[in-house]
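Here are some questions on how the labels attached to a structure follow from computed values and their cut-offs.

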Amino acid sequence: MAKGYVIYNPLAGNGKCKEDAQLLQVVMDEELEYYDMTHITNYAAFLGGMETEDYLVIVGGDGTLNRFVNDTAGIDIRQEILYFPAGSGNDFARSLGKDTMSNPFSVTAYIKNLPTVTVKGKTYRFLNGVGFGIDGYCCEVGDQRKAAGKKVNYAGIAVKGLLFHYSPRNAKVTVDRKAETYEKVWLAPTMHGKYYGGGMLPAPKQDRSSGKLSVMVFYGAGRLHTLCVFPGIFRGKHIKHKQLAAVHTGHEITVEFDRPTPLQIDGETILDVTKYTVRSAAFHKNKAKEKAAV
């Protein structure tokens, strides 16, 4: 008989994730075993202790899923993987039309063949997107406030950053070996999914099933003009401003800033970054074929 294993991130959902995970006992109406994912140091051993017919339920937000897919990279997972969205952003669930705290749903197909981002010499897999610019800055400030035990209002951080604290960068954006330069770049995220940052739509036509990635460059305007247009990103309306927003799609995308800038991967922050490169799953598949043919 199949057995359910639940792993949760106690830091997700503003610290309420463990409590939210207990709801599964009612939702699923069967016996479950619970594990704090911050205590799991060897997923190969953890998953190896499960039977093939067992299933795993991941409870948390986008950062929790990101941590899981990176900690299990290279492991042949044979069990069904379910997801119970209980984070503060839940952009992955949103992109699939799922509500926060919806019934657990299968993500087995979605956590395979993911794109990667290489930054500071290290490569990560990601589900939603890689943010570079004021979005990374917002994550940095948010992390600082969380560490100080303060509430985090990302919208407020963004507004203050746009008006006072964050300075735009100049950037070189290379998509499938074709390079363009931009001045006064406020944002330069590359997306696999449609949403990030708690409902923002930087590249509204991006489809995770298309096999391609989309980079959106928000650039060229001063603080007040940028602040006026910026809210439109939550509805994808910012791209109507052709002189401020450019979207490019491809399989290999590199963004280089002229000054160190915070970067975020599915909400996880990396500081002092000047360059990142993303590659689609199709890019990796083709490279593997070329290598095998040699």
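Q: What makes a residue buried, partly exposed or exposed here?
A: Buried means under 20% relative accessible area, exposed means over 50%, and partly exposed lies in between, with a 1.4 Å probe and protein chains only. This is a predicted model, in which local features need pLDDT of at least 70 and side-chain atom pairs count only at pLDDT 80 or more, whereas totals for chains, interfaces and linings use all residues. Residues are numbered from 1 along each chain as its sequence is written, and side-chain values use heavy atoms, with hydrogens and water left out.

Q: Why is lysine 120 called exposed?
A: The relative accessibility of lysine 120 is 57%, which is why it counts as exposed. Lysine 120 lies in the loop between strand E6 (116-119) and E7, where strands (E, at least two residues) and helices (H or I, at least four) are DSSP runs numbered from the N terminus. The phi of lysine 120 is near 55°, a positive value in a residue other than glycine.

Q: What makes aspartate 176 partly exposed?
A: The relative accessible area of aspartate 176 is 39%, and therefore aspartate 176 is partly exposed. Its place is in the loop between strand E9 (169-175) and E10, and its phi, near 50°, is likewise positive in a residue other than glycine.

Q: Why is glycine 89 called buried?
A: Glycine 89 has a relative accessible area of 19%, so it is buried. It sits in the loop between strand E4 (80-85) and helix H6 (91-95). Leaving aside neighbours within four places in sequence, glycine 89 is in contact (heavy atoms within 4.5 Å) with Asp62, Arg94 and Gly198. Glycine 89 and aspartate 62 are 27 residues apart in sequence, with their C-alpha atoms 7.0 Å apart in space.

Q: How do you know that the span of helix H7 agrees with its number of residues?
A: The expected span of a helix is 1.5 Å times one less than its number of residues. The 14 residues of helix H7 (residues 134-147) should therefore span 20 Å, and the end C-alpha atoms are 20 Å apart, which agrees. The buried residues of H7, among them Ile134, Tyr137 and Val141, pack against strand E8 (129-132), helix H8 (154-165), strand E10 (178-187), strand E14 (252-265) and strand E15 (268-279). H7 is followed by glycine 149, whose phi is positive, near 75°.

Q: Why is the protein chain called as compact as a globular protein of that length?
A: The secondary structure of the protein chain comes to ten helices and 15 strands. Its radius of gyration is 19 Å, close to the 19 Å that the globule rule gives for 294 residues, so the chain is as compact as a globular protein of that length. The radius is taken over C-alpha atoms, and the rule is 2.2 Å times the number of residues to the power 0.38. Buried residues make up 50% of the 294 residues, and among contacts between residues at least 6 apart in sequence, 70% join residues at least 24 apart.
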